[in-house]
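Open the model in your viewer and keep the selection panel at hand. The stops below go one element at a time.

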2 protein chains.
Amino acid sequence: MLGYRRARDELVADCPLRAATDLLAHRWDPVVLLALGVGARRRVDLRADIGGVSDKALTESLRRLVRNGLVGRAEYPAAPPRVEYALTALGKSLVAGPMRALGDWVTEHGHELLAAQGDPEE
Amino acid sequence: MLGYRRARDELVADCPLRAATDLLAHRWDPVVLLALGVGARRRVDLRADIGGVSDKALTESLRRLVRNGLVGRAEYPAAPPRVEYALTALGKSLVAGPMRALGDWVTEHGHELLAAQGDPEE
């Protein structure tokens with residue numbers, strides 16, 4: 001199965017699946033990952049690519065993604081130094097696997113989701 | 001692709017992918033979905049199944065999942081009425097698709113994630 005049971009009949013909040021869902025829980029992180037899916041990018045390019053992200057939010061997102069090993073930061077000699085961000089192998093595997101599965105799901109079922117959310121609440 | 005571009009070269013925070021990642025962003029929601037993957041459950045059974053969830057957190061999670069059309073609530077005549085929660089077809093598709101992909105990814109790459117998170121931060 002999904003490896004989420006620590007012991008028989010016990011589901012836990014800190015199950016491995018949580019570690020994966022946490023990676024996608026922050027507002028901008030999936031968007032930044034998608035933007036980097038195209039290739040390595042400078043910060044200024046990312047800001048231009050991504051509509052509506054603030055400088056602070058982009059900084060925090062990149063820091064989190066680097067800390068989680070999904071994105072790498074490379075400095076190239078220049079004046080001022082050229083800094084680029086790129087997906088790591090781990091980041092690429094997250095984009096190609098779970099994020100694509102989420103994208104496919106929402107393409108297929110997004111209208112059902114919106115219909116449900118539009119219904120009057122209980 | 002993932003259908004996340006509203007216009008050429010513009011990535012947006014409210015892209016359809018966000019609607020899907022939002023579904024998994026709350027702490028207990030993926031755990032409750034997994035617990036219901038086994039079959040319909042009463043609240044009291046869910047509380048017993050899930051380690052460490054408070055009554056309030058479970059209530060909020062079930063309400064969100066029902067509102068998003070992932071979980072259905074059924075009342076059966078009895079005294080007091082028997083209430084059961086179960087995955088809807090939409091909920092089943094989310095568990096079988098994206099959540100399984102996340103589970104598979106973390107099974108394969110979880111150690112890399114933990115290794116990255118354990119490295120001293122920049």
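Select helix α4 of chain A, residues 55–67. Helices here are DSSP runs of H or I with at least four residues, strands are E runs of at least two, and both are numbered from the N terminus. The expected span of a helix is 1.5 Å times one less than its number of residues. For the 13 residues of α4(A) that gives 18 Å, and the end C-alpha atoms are 18 Å apart, so the two agree. Step past the helix to A:Gly69, where phi is positive, near 75°.

This is a predicted model, in which local features need pLDDT of at least 70, side-chain atom pairs count only at pLDDT 80 or more, and totals for chains, interfaces and linings use all residues. Residues are numbered from 1 along each chain as its sequence is written, while chains are lettered from A and ligands numbered from 1 in the order in which they are written.

Zoom out to chain A. It has 5 helices and 5 strands, in the order β-β-α-α-α-β-α-β-β-α. Of its 122 residues, 33% are buried (20 or more other C-beta atoms within 10 Å of a residue's own; 12 or fewer is exposed, in between is partly exposed; C-beta atoms are placed from the backbone).

Next, pick A:Pro80 in the loop between β4 (71–76) and β5 of chain A. The peptide bond from A:Ala79 to A:Pro80 is cis, with omega about -5°. Now pick B:Pro80, in the loop between β4 and β5 of chain B. A cis bond joins B:Ala79 to B:Pro80, with omega about -5°.

Move to B:Val71 in strand β4 (residues 71–76) of chain B. Is B:Val71 buried or exposed? It has 24 other C-beta atoms within 10 Å, so it is buried.

Now show both chains. Select α1 (residues 16–23) of chain A and α5 (residues 89–118) of chain B. Their axes are 9 Å apart, at an angle of about 90° (axes are lines fitted to C-alpha atoms, for helices over the stretch in contact; angles run from 0 to 180 degrees between N-to-C directions). That makes α1(A) roughly perpendicular to α5(B) (65 to 115 degrees; under 35 is roughly parallel, over 145 roughly antiparallel, the rest oblique). On α1(A), colour A:Pro16, A:Leu17, A:Ala19, A:Ala20 and A:Thr21; on α5(B), the partners include B:Trp105 and B:Leu113. The contact has 8 nonpolar, 3 polar and no charged residues (nonpolar: Ala, Val, Leu, Ile, Met, Phe, Trp, Tyr, Cys and Pro; charged: Asp, Glu, Lys and Arg; polar: the others, Gly among them).

Turn to α5(A) and α1(B). These axes come within 9 Å and cross at roughly 90°. Look for A:Trp105 and A:Leu113 among the α5(A) residues, and B:Pro16 and B:Leu17 among those of α1(B).

Which residues touch the most other members of the largest nonpolar core? Select A:Val32, A:Leu33, B:Val32 and B:Leu33, out of 49 core residues (a set of buried Ala, Val, Leu, Ile, Met, Phe, Trp, Tyr and Cys joined through C-beta atoms within 7 Å). Finish at B:Val32. Beyond its neighbours within four places in sequence, it contacts B:Leu46, B:Ser61, B:Leu62 and B:Leu65.

Technical notes: Contact = placed C-beta atoms within 7 Å.
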